[in-house]
Amino acid sequence: MAERTDHRHGTDPGYEQARRILSEASGIVVLTGAGVSTDSGIPDFRGPDGVWTRDPEAEKYSSIDHYLSSSEVRKGAWRRRAENPAWHAEPNAGHLALAELERRGRLELLVTQNIDGLHLRAGNSRERLVEVHGTMLDAVCVACGRRGPMREVLDRLEAGEEDPPCPDCGGILKSATVLFGEALDERDIHRAFDAAAAAEVLLCVGTSLQVFPIARMVPIALSQGAQVVIVNGEPTPYDDDAAVVRGSISEVLPGLLGL
Ligand code: NAD
């Protein structure tokens with residue numbers, strides 16, 4: 001990608017500060033959230049058009065207890081999964097900029113809270129990606145742990161099953177994502193926190209930084225002397241300690257990274 005100046009942000013002190021911090025860093029640790037994928041047509045949860053902003057009731061569908069509580073609940077969850085816009089989404093300029101950052105050897109680690117697989121589709125490698133909340137592209141059995149492609153379960157839905165059981169043990173299937181009430185993978189969290197502790201620069205993109213424990217990456221990085229850049233459409237709890245850039249991620253991120 002060619003060097004260009006983003007004239008719309010040329011006078012924004014936050015933008016200039018963030019661009020300088022990012023350009024001077026030899027390596028960057030990145031944390032992304034749902035906001036990086038909204039320009040691909042996948043709504044976030046807490047943004048102005050977020051799923052939970054529009055329907056606060058929807059938050060309860062994200063808890064494991066609710067999911068396991070009845071077959072009726074799961075039938076609704078499977079219908080929503082099948083209709084998720086992520087199945088037809090393409091990576092946007094924000095995802096592509098982060099893939100280019102890795103190609104140029106400047107990405108230390110990409111930690112994402114997203115479950116849509118778009119960072120991999122954009123070209124980031126599995127080696128440098130941590131999907132802390134899992135992936136919707138796989139399904140797992142809560143009883144025996146069997147894991148397989150979500151596509152196979154969606155095919156069974158299309159064939160008429162409403163709450164498809166595990167083909168091995170008959171247990172309850174769910175998407176391979178972390179619901180409220182479920183533990184995160186310890187290795188993923190350690191990798192993310194270790195990267196934050198060692199970071200020269202931590203870049204947070206499209207996240208409200210309200211989901212813990214992963215939001216702790218920010219205070220961990222700050223406590224070890226890292227600089228923090230936040231690109232988000234709305235305020236976050238850490239804005240006072242960071243260089244903050246507002247605006248649409250897919251529009252500002254490539255220029256901000258000097259791509
Ligand atoms: P969030 O919904 O809490 O916050 C997203 C933030 O992004 C908001 O503050 C919003 O203002 C900002 N934003 C949205 N679109 C933007 C844009 N185009 N430009 C600039 N800013 C923009 O998201 P979160 O912090 O990632 O946490 C929500 C949880 O929901 C995560 O745990 C994640 O697993 C899950 N989730 C994932 C997806 C996905 O995979 N695409 C979608 C929705 C929710």
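Two residues are in contact when heavy atoms of theirs lie within 4.5 Å. The structure is a predicted model, in which local features need pLDDT of at least 70 and side-chain atom pairs count only at pLDDT 80 or more, while totals for chains, interfaces and linings use all residues. Residues are numbered from 1 along each chain as its sequence is written, and side-chain values use heavy atoms, with hydrogens and water left out.

**Exercise 1. Describe the surroundings of Asp239.**

Step 1. Locate the residue. Asp239 belongs to the loop between β8 (227-231) and β9 (243-245). Helices (H or I, at least four residues) and strands (E, at least two) are DSSP runs, numbered from the N terminus.

Step 2. List the contacts. When neighbours within four places in sequence are set aside, Asp239 is in contact with Ile230, Val244 and Arg246.

Step 3. Examine the side chains. Those of Asp239 and Arg246 are joined by a polar contact of 2.9 Å. A polar contact is a pair of N or O atoms within 3.5 Å; within protein, one must be able to donate a hydrogen and the other to accept it, and residues adjacent in sequence count only if both atoms are side-chain atoms.

Step 4. Decide on burial. Asp239 has a relative accessible area of 13% and is therefore buried. The term buried means under 20% relative accessible area, exposed means over 50%, and partly exposed lies in between (1.4 Å probe, protein chains only).

**Exercise 2. Which residues of helix α5 are buried, and what covers them?**

Step 1. Consider the helix as a whole. Eight of the eleven residues of α5 (residues 93-103) are buried, so the helix is largely enclosed by the rest of the structure.

Step 2. Name the buried residues. They are Gly94, His95, Ala97, Leu98, Ala99, Glu100, Leu101 and Glu102.

Step 3. Identify the cover. It includes β1 (28-32), β2 (107-112), α6 (118-122) and α10.

Step 4. Inspect the ends. At the N-terminal end, Asn92 caps α5, with a side-chain oxygen 2.6 Å from the backbone nitrogen of Gly94. The helix is followed by Gly105, which has a positive phi, near 75°.

**Exercise 3. Where does Arg106 lie, and which residues does Arg106 contact?**

Step 1. Arg106 is placed in the loop between α5 and β2.

Step 2. Its relative accessibility is 19%, so Arg106 counts as buried.

Step 3. Beyond its neighbours within four places in sequence, Arg106 is in contact with Leu22, Ser23, Ala25, Ser26, Gly27, Ile28, Leu101 and Leu257. The side chain of Arg106 also reaches the backbone oxygen of Ala25 at 2.9 Å.

**Exercise 4. Is Ile249 buried or exposed?**

Step 1. Ile249 is part of helix α10 (residues 249-256).

Step 2. With a relative accessibility of 6%, Ile249 counts as buried.

Step 3. Not counting residues up to four places away in sequence, Ile249 touches Gly35, Val36, Asp39, Gly94, Val205, Gly206, Val231 and Pro254.

**Exercise 5. Identify the backbone features of Leu209 and Pro213.**

Step 1. Most residues other than glycine have a negative phi, and most peptide bonds are trans.

Step 2. Turn to Leu209. This residue is not a glycine, but its phi is positive, about 55°. Leu209 lies in the loop between β7 and α9, and its relative accessible area of 1% makes it buried.

Step 3. Turn to Pro213. A cis peptide bond with an omega of about 10° joins Phe212 and Pro213. Pro213 is located in the loop between β7 (201-205) and α9 (217-223).
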